[in-house]
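Here is a walk through one protein chain. Follow along in the sequence and the 3D view as you read.

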Amino acid sequence: MTLSYSHAHQQGSGTTEVVAVLVAITNHVARVLTVDQGKLLPNGPLMPLHRSLQAGVRQWVEEQTLQPLGYIEQLYTFVDTNRRNIDGHALVYVSYLGLVQETQTHTLKSKALWRDWYDYFPWENHLQGMPAAITELIVPALWRWAASATNTAIQQRREQRIQLCWGVSFDEHSSTNSSSKPKPKARGKGQHSDWVSEHVLLRYEMLYEAGLIPESPDYPPSYYGAQLPIEWSQIIGIPMYYDHRRVIATAISRLRAKIEYQPLIFGLMPDKFTLSQLQQSIEALSGIRLHKQNFRRLLDTQDLVTPTGESSSANRGRPAKLYRFRHDIELQSLLMDSKLPKQK
């Protein structure tokens, strides 16, 4: 029995739910707020008393997690054809992304749970280089899926998608006419020239389509005649009920793309920070290491931060200078309704 069907709210007459992906960075780790022991995101039905979708998501988040909300934006609308209301209509749910400061006191009272988002997407963590599981296990499993296509055109298209989504290339002996295990070219530590970090949703969707994650209705105990590795459950991450892991993938894709051109990172940082803390926080979101000198040159070019004149207290080494975001950046956050409740 798959997770898509084994867990269900009590059926009601409503057709719309709201679901929220709340993101925080704590100790340089990107985390998401979950309920039901990490199997669900904060969610609830849209009620007649809610004056808007945003009002609905704010109410359910605060009721289920007690987490103060600041900036939120709408992601996508999903139709879950596997869930029906009492009248037989498919359930529609509207997803939101929120940037918050993690507050443990609230989550302890509400039994909500903060989780490292790489617990759900371990293949997205390239902070130590491309995970070996991608080239040794995930891509070969996807290659078998490609080889199962009903015709050569579909097989070639699948193989091209695998290479584009997973940032791998194959040696000259790999063939679209062969179902044998491919030989991905390994990349050195820190090399990501073909890895596009914001393609999180595309990679998740491919695994779902290939039946390689438990949420997929096609997830089998064996895969096209070959048994999946014993450690596959650790490789493929923690599953979630409904399509909630897909919603997180959507949020990560959105956030990774937007930090390239919008200073959204300010909403996840304390009032004062070192440049190293800022870089490590961005790395936590993107899943890849940044070049220190190039990163600091970029900060100088964009003129996003300004020194406070203070230094951090360091137990080892020299104290580092503290910075804050420029005043006009903070004003921009007010215009975006994104001034966050800072942890005191």
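Helices α4 and α5 are roughly antiparallel to each other, because an angle over 145 degrees counts as roughly antiparallel, one under 35 as roughly parallel, one of 65 to 115 as roughly perpendicular and the rest as oblique. Their axes cross at roughly 160° and come within 8 Å. Axes here are lines fitted to C-alpha atoms, for helices over the stretch in contact, and angles run from 0 to 180 degrees between N-to-C directions. Helices (H or I, at least four residues) and strands (E, at least two) are DSSP runs, numbered from the N terminus.

This is a predicted model, in which local features need pLDDT of at least 70, side-chain atom pairs count only at pLDDT 80 or more, and totals for chains, interfaces and linings use all residues. Residues are numbered from 1 along each chain as its sequence is written, and side-chain values use heavy atoms, with hydrogens and water left out.

Stay with α4 and α5. Their crossing is right-handed. A crossing is right-handed if the near helix is turned clockwise from the far one by less than a right angle, and left-handed if anticlockwise. Which residues of α4 meet α5? They are Ile-134, Ile-138, Val-139, Leu-142, Trp-143, Trp-145, Ala-146 and Ala-147. On the α5 side stand Gln-155, Arg-158, Glu-159, Arg-161, Ile-162 and Trp-166. Contact means heavy atoms within 4.5 Å. The residues of this contact divide into 10 nonpolar, one polar and three charged. Ala, Val, Leu, Ile, Met, Phe, Trp, Tyr, Cys and Pro count as nonpolar, Asp, Glu, Lys and Arg as charged, and the others, Gly among them, as polar.

Now bring in α6. Helix α4 covers residues 132-147 and helix α6 covers residues 200-209. They pack at an angle of about 55°, with their axes 10 Å apart. The two are therefore oblique to each other. α4 passes α6 in a left-handed crossing. Ile-138, Leu-142 and Trp-145 of α4 meet Met-206, Leu-207 and Glu-209 of α6. By class, that contact has five nonpolar, no polar and one charged residues.

Helix α5 (residues 152-166) also packs on α6, at an angle of about 140° and with axes 10 Å apart. That makes α5 oblique to α6. This crossing is left-handed. From α5 come Arg-161, Ile-162, Cys-165 and Trp-166, and from α6 come Leu-202, Arg-203, Met-206, Leu-207 and Glu-209. The classes are six nonpolar, no polar and three charged.

Next, the backbone. Most residues other than glycine have a negative phi. Asn-27 has a positive phi of about 55° although it is not a glycine. Asn-27 lies in the loop between β1 (16-26) and β2 (29-34). Is Asn-27 buried or exposed? Asn-27 counts as exposed, at 69% relative accessibility. Tyr-242 also has a positive phi of about 55° and is not a glycine. Look for Tyr-242 in the loop between α7 (232-236) and α8 (244-258). Tyr-242 counts as buried, at 1% relative accessibility. Buried means under 20% relative accessible area, exposed over 50%, partly exposed in between (1.4 Å probe, protein chains only).

Last, confidence. pLDDT is the predictor's confidence in each residue, from 0 to 100. The chain has a mean pLDDT of 80, and 79% of its residues reach 70 or more. Among the elements of the chain, α6 has the highest mean pLDDT (96) and helix α1 (residues 3-6) the lowest (37).
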